[in-house]
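Good morning, and thank you for coming.

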Amino acid sequence: MADHIAQPAYSKLLNPKLTDADILPTSLSQEVITDLLKTDIKFNGLVITDASHMLGMTASIRREEYVPLSIAAGCDMFLFFNDIEKDFNFMLNGYRKGIITEARLHDALRRILGLKAKLYLPEKQQQHSLTHAPSELDVIGATAHLEMQQEAADLGITLVKNTLNELPIKPDTHPNIRLYMIEGEKDGIYKADQSVTQNIIDILERRGFNVTLNDGSTRIKGKTLEYRQHVDAALVFANIIGYAAENNYRIRWSTAMSNEIPWYVHEVPTVFVSLNFTTHLHDATMVKTYINAYHSNKTNLEAVIDKITGVSDFKGQANDNVWTEKWEAKR
């Protein structure tokens, strides 16, 4: 798959006449697809564009130009239509105008047919076996797969820091837990799994903890001494998800000066767990015990609570990126 990310250094190396204004994304670059990939590296497979509605492609030139240009540049298939009739005619007009040459057209067809042959698609089509039987989904949740999931959770979950030696947190020593759930969007495609909070509560209560879910909608932090009387430990879970547009999503507290912000780190033992992103210390440098758990599925939740309670040792290893270049994050 040819992405829509420009490679100006490669493009100019292969064609020194190019200026910055001439640089196109990889999916439209003859220098990268044909000259580098297919000629120099001798790639003999099929090249397909990334999705044609993505901004990297749509913002380069007009659609009627880049539809045929993607094939002329060396891509063999075009991914997704905006309008099937219009896009088909854009491609056809590109062929009629010579943008897509006869040789390029037949090379693309040869690669497409070659891939179909390699996958035995004609035979499978005759046997009506292009789709899988619904019964093949029965493998989901197989014992072997669940064991692999448990092993991955056990080996991956990482204790980044525990500077006040507050672990383990056990029901007999810290029976009353204040649970803080930090989430991102409440709706839309970045909405977190809404079952996670209840799953965490259920796991903690099964272990013998008394759990109070914090209401982060208020700025009132309450009376410190009374807080310590009712709370033995605070567990903060960042259940924030994202998408490929960003490799990290910042913590957005529910309100300014919200009582969910870890003001309580020196009042009671406080453990912060990020369920997805690994750099949330950027926004929570004040926490003294920080864990990266990498996922919010039930297996990971059970595993991370095993480690918080001392049932299991931490085996994951963090790199320096977790500190987000902040000295205060290490304290």
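This is a predicted model: local features need pLDDT of at least 70, side-chain atom pairs count only at pLDDT 80 or more; totals for chains, interfaces and linings use all residues.

Let me begin with a term: contact, or touching, means heavy atoms within 4.5 Å. Residues are numbered from 1 along each chain as its sequence is written, and side-chain values use heavy atoms, with hydrogens and water left out.

We start with helix α2, residues 30-40. After α2 comes Lys42, with a positive phi near 65°.

Next is α4 (63-72). Why is α4 described as largely enclosed by the rest of the structure? Seven of its 10 residues are buried. These are Arg63, Tyr66, Val67, Pro68, Ser70, Ile71 and Ala72, and they pack against α2, α3 (55-58), α5 and α6. Just after α4, Gly74 has a positive phi of about 130°.

Please now find Asp87, in helix α5. Is Asp87 buried or exposed? Asp87 is buried, because its relative accessible area is 3%. Leaving aside residues up to four places away in sequence, Asp87 touches Arg63, Val67, Phe78, Phe80, Phe81 and Asn82. Asp87 and Val67 are 20 residues apart along the chain, and their C-alpha atoms are separated by 7.0 Å.

I turn to the pocket. On a 1 Å grid over the protein atoms alone, a pocket is an open set of points with protein on both sides within 12 Å along at least five of seven lines, whereas in a cavity a 1.4 Å probe fits but cannot get out; lining residues have an atom within 4 Å of a point. The largest pocket has a volume of about 420 Å³, a volume being the space filled by probe spheres set on the points, which are joined across faces, edges and corners. The pocket is lined by 17 residues, and those closest to its centre are Ile71, Phe88, Met91, Ile100 and Leu105. Helix α5 gives the most to this lining, with five residues.

Finally, the sheet. Six strands form an open, mixed sheet in the order β1-β6-β5-β4-β2-β3, where two strands pair if DSSP finds at least two bridges between them. The edge strands, pairing on one side only, are β1 (158-162) and β3 (210-213).

Strand β2 (residues 176-183) pairs with β3 in the parallel sense over four bridges, and seven bridges join β2 to β4, also in parallel. Which residues stand opposite Ile177? The partner in β3 is Val211, and in β4 Ala233 stands opposite. Seven of the eight residues of β2 are buried.

Helix α11 (residues 298-308) lies across β4, β5 (270-274) and β6 (289-292), at about 155° to β5. Such angles run from 0 to 180 degrees between N-to-C directions, with axes fitted to C-alpha atoms, for helices over the stretch in contact.

Methods:
Helices (H or I, at least four residues) and strands (E, at least two) are DSSP runs, numbered from the N terminus. Buried means under 20% relative accessible area, exposed over 50%, partly exposed in between (1.4 Å probe, protein chains only).
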